[in-house]
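The sequence and structure come first.

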Amino acid sequence: MESNPDVDLDPNKDDLPLRANTNHMLVRHYVLDLTVHFQRKVIGGSIVLFLAPGIGSCKQGEPGSGSNTEAQNISQVSCKHDVSSPITPEPNEVIPIEESSCLSGGNYVSNVFWGDESEEFTLVLDCCDLMVSKVEEVDVTAVPNLNKLDIDQRYANADHPSSSLVQRLVSMPSVCWRSQHELYLQCSRSPTILNAQPLRFHTDRWSLQIRKEGVCSPHDFPSAVRIWYETKPTGGSVRWTKDQDGRCCVYTMGSPINNRALFPCQEPPVAMSTWQACVRAPCDYTVLMSGENQAFPKPAETGFLQWDYYVTMPMPASTFTIAVGQWQEARVNIPNFEVEKTDETCVKVPSLSLDSADQQYVCSHMDYPCRFMLSDARAQTVIPHRVFASPCHLQKAKDMVLPLLPLCLTAAHSVLGVHPFSRLDVLIVPSGFSSLGMASPHIVFLSQSVLTGERNLCGARLCHEIAHSWFGLAIGARDWTEEWISEGFATYLEDVFWSHVQKLDCGEAEEQRQLKALLRWRRLSDELQNSEEELQVLRPNKENTGEVSESGASVVKHALNPEKPFMQVHYLKGYFLLKFLADQVGEEKFLLFFKVFVGKFHGQLILSQDFLQMLLDTFPEINSRGITLETIFSDWLDTPEMPEWLRDACSEWLRTPAVQEVKEEVAKWIHFSGSGGKGSKRKRAGPKVNFKELSPEQLVLLLEFLLEEPKLSLSTLRCLQTTYNLQAQDAEVKHRWCELVVKHKHTEAYRDVELFLIHDQAMGVYLYGELMLQEDARQQALARHCLSMIKDDMDQSARGVVEEMIL
């Protein structure tokens, strides 16, 4: 599954390579020591990797002990420091920019060529757009407290005492995690091996490769390695931009390349590790991070503050998140509160008898301080939480997000039980953020688009991101191509949580979910008709899903396709698969099964069959209806077609009272449009039409139905705008309104389109295409004008797609 080494991958077309040889060597812990430089738009410093041989490693002298990395064209290792190379300061030392050219940070290795003919073991890390200046072996024997550790005979190695110490360190039991982290920190500050040369390294487009002269086995490779590096301003993992008040900020982007342009790491999900980070930023900046502790800044060098974060739950490197800006916290005058559960809500999930089995409850994951083992955590319905935003959105965040957050957390706890993470920060990110939300451990990014209109969009999105704490984070996909395991589950649970927050009775909750199901069916139908078939498959690797090469390297199919970030098929089709399965066993039993599944698989990585097989074993009666693992794969996950169940269910959703009410209103508007032409007597003297008040979801459906009409009169569009106060509605409603404006060339409302494209960038990408499609000079000028105003702050992927539409 390793890519052809002789082909330089086109980042606009190809699969995403995961080069790290995780079967040979695993990173068990990262210690980052970084400084954020806003003037230069770089993050620089060091990262120390604590390593252990992987499950596929061979001992020295055994077959296969040599390098199994992708062969590269022979290239010379850097022999001297270049002024463009990153600086390598000592920890906590600030190096003035003008002095950087005087520093020595390169590897002093002369006349050494990097080729695939070497028999030396090569550590391969995922890396992209990083300026690496030096790689060195850390002498952990210099840490006195580490030498006091008893060396288990399993880790004893007389020839490599450092390796023995590190293996003992990474294997310390979870109850000693505080001592372990302190030792990690002391080790990270240790000097290099006395008289040792820096390790040789080579970078290509997607990897950093490291060797030590004469070492031919991962068992003999250094167990603690320090890498000095800087990010690049254009690196794809971090976004340097300005907040809504025009002040500089930076945050991590997430997919498609995750964190490899933030620090060298192992990106395959199986490389689960812990980390701790020291980040220095200017004094007027706040550093938010996906750490489980609430960091408090400490004075660092002049003009900087230091923020320290850590995690004790092993997680994939892709979950590491950072946001640095002049954020302010939205506060209220009353403390966070918990919401009482009422008997009127629809979500009544039978509780598991965990309290009576405290001593017998055993987690199935690797050892770490797990909240599922704590009775206090299981009783905590609302975890500590904070909300941050730029000053101009602070009041909206306070009015909208802050009151909703404890309600959504309570709803999630009532369905799935203990919160996997101990706290939560929510950040309203800059306008160029490419989606409505992104969840990471302990932190959620929210788009400013959720702050307008009624609370429905904001609340539902919060529920969606909170659901990721269980599905996507505490339980992750072992193969990145199975995104539906994260997004489909979060979309399904979003409705469950949100109906609980609204305190809907069972009938109201079901009606709302059917309305949302219809809207999602329409969106999925449109996507299936207007996208490549290969992008519509939820399990593109089919029976090879989860397989990797001998070294552990693999590729993520279609991850770099520019259309993929804007597709929702893994959200929607995954959601409908879960809805189909719930229909087979009943929702109450299905949600109880979710809770049991979480109890068994939290802290682990799964494939589709892990969930599906447990479901089939738990409810064997559905097998008699012809529902098997094979039929689910063929009907839902391995093909691009619309499943038959979904076609039939759609007709049922169309008959619900909420949808019928919308249809009646649509008929009124069509009649109004047909009878409201110029000179019409009805218009001059007829009775006023009484239009019903609609929910935001009903309003979206109304506008979608009206978009299917070939022509609507100008007076109808004006009346629509005033009747529903469309400019003040949420972003989903405004999006459909803008589509109507563009379709019917309603010039009076072009300002609405302009504002939407500027302020709702997470949703407006394809609206540019509609503006260009009509070949109307004024609309095309509007599209180009909007792009010119925001292109510097746009998400890179979104900008690329829009520029292709316009140019």
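Which residue takes a positive phi in the hairpin of E2 and E3? Lys 41 does, with phi near 60°. Four residues lie between the two strands of this hairpin.

## Model and conventions

This is a predicted model, where local features need pLDDT of at least 70, side-chain atom pairs count only at pLDDT 80 or more, and totals for chains, interfaces and linings use all residues. Residues are numbered from 1 along each chain as its sequence is written, and side-chain values use heavy atoms, with hydrogens and water left out.

The chain holds 22 helices and 25 strands. Both are DSSP runs numbered from the N terminus: helices are H or I with at least four residues, strands are E with at least two. Of its 807 residues, 61% count as buried. Buried means under 20% relative accessible area, exposed over 50%, and partly exposed in between (1.4 Å probe, protein chains only). Take contacts between residues at least 6 apart in sequence: 76% of them join residues at least 24 apart. Contact means heavy atoms within 4.5 Å.

## Strand E3 and its partners

Strand E3 covers residues 42-53. Eleven of its twelve residues are buried, so the rest of the structure largely encloses E3. Strand E2 (residues 25-37) pairs with E3 in the antiparallel sense, over twelve bridges. Strands pair here if DSSP finds at least two bridges between them. Tyr 30 stands opposite Leu 49 in E3.

E3 is also joined to strand E10 (residues 224-231). That pairing is antiparallel, with seven bridges. Val 48 has Arg 226 in E10 as its bridge partner.

His 37 is found in E2. Is His 37 buried or exposed? His 37 counts as buried because its relative accessibility is 16%. Beyond its neighbours within four places in sequence, His 37 is in contact with Val 42, Gly 44 and Trp 240.

Strand E14 spans residues 286-289. Thr 286 and Leu 288 point one way, Val 287 and Met 289 the other. All four of these residues are buried. E14 pairs with strand E17 (residues 322-325) in the antiparallel sense, over four bridges. Val 324 in E17 is the bridge partner of Val 287.

## Helix contacts

Helices H9 (residues 569-585) and H10 (residues 587-601) have axes that come within 7 Å and cross at roughly 115°. Axes are lines fitted to C-alpha atoms, for helices over the stretch in contact; angles run from 0 to 180 degrees between N-to-C directions. H9 contributes Leu 578, Leu 581, Ala 582 and Val 585, which meet Glu 587, Lys 589, Phe 590 and Phe 594 of H10. By class, this contact has six nonpolar, no polar and two charged residues. Ala, Val, Leu, Ile, Met, Phe, Trp, Tyr, Cys and Pro count as nonpolar, Asp, Glu, Lys and Arg as charged, and the others, Gly among them, as polar.

Helices H19 (residues 750-759) and H20 (residues 765-773) cross at roughly 145°, with axes that come within 9 Å. Val 753, Phe 756 and Leu 757 of H19 make the contact with Leu 767, Tyr 768 and Leu 771 of H20. These residues divide into six nonpolar, no polar and no charged.

## Nonpolar cores

A nonpolar core is a set of buried Ala, Val, Leu, Ile, Met, Phe, Trp, Tyr and Cys residues joined through side-chain atoms within 4.5 Å. The largest one has 158 residues, and Phe 594 and Leu 720 touch the most other members. Helix H5 (residues 394-416) supplies the largest share of this core, 14 residues. Another core, of 62 residues, lies apart from it and includes Phe 38, Ile 47, Phe 433 and Met 438.

Leu 720 is in contact with Trp 669, Leu 702, Leu 703, Leu 706, Leu 726, Trp 737 and Leu 740, leaving aside neighbours within four places in sequence.

## Positive phi in loops

Most residues other than glycine have a negative phi. Asn 195 has a positive phi near 65°. Asn 195 sits in the loop between helix H3 (177-188) and strand E8 (200-203). Asn 195 counts as exposed because its relative accessibility is 75%.

Lys 745 is not a glycine either, and has a positive phi of about 50°. Lys 745 lies in the loop between helix H18 (731-743) and H19. With a relative accessible area of 39%, Lys 745 is partly exposed.
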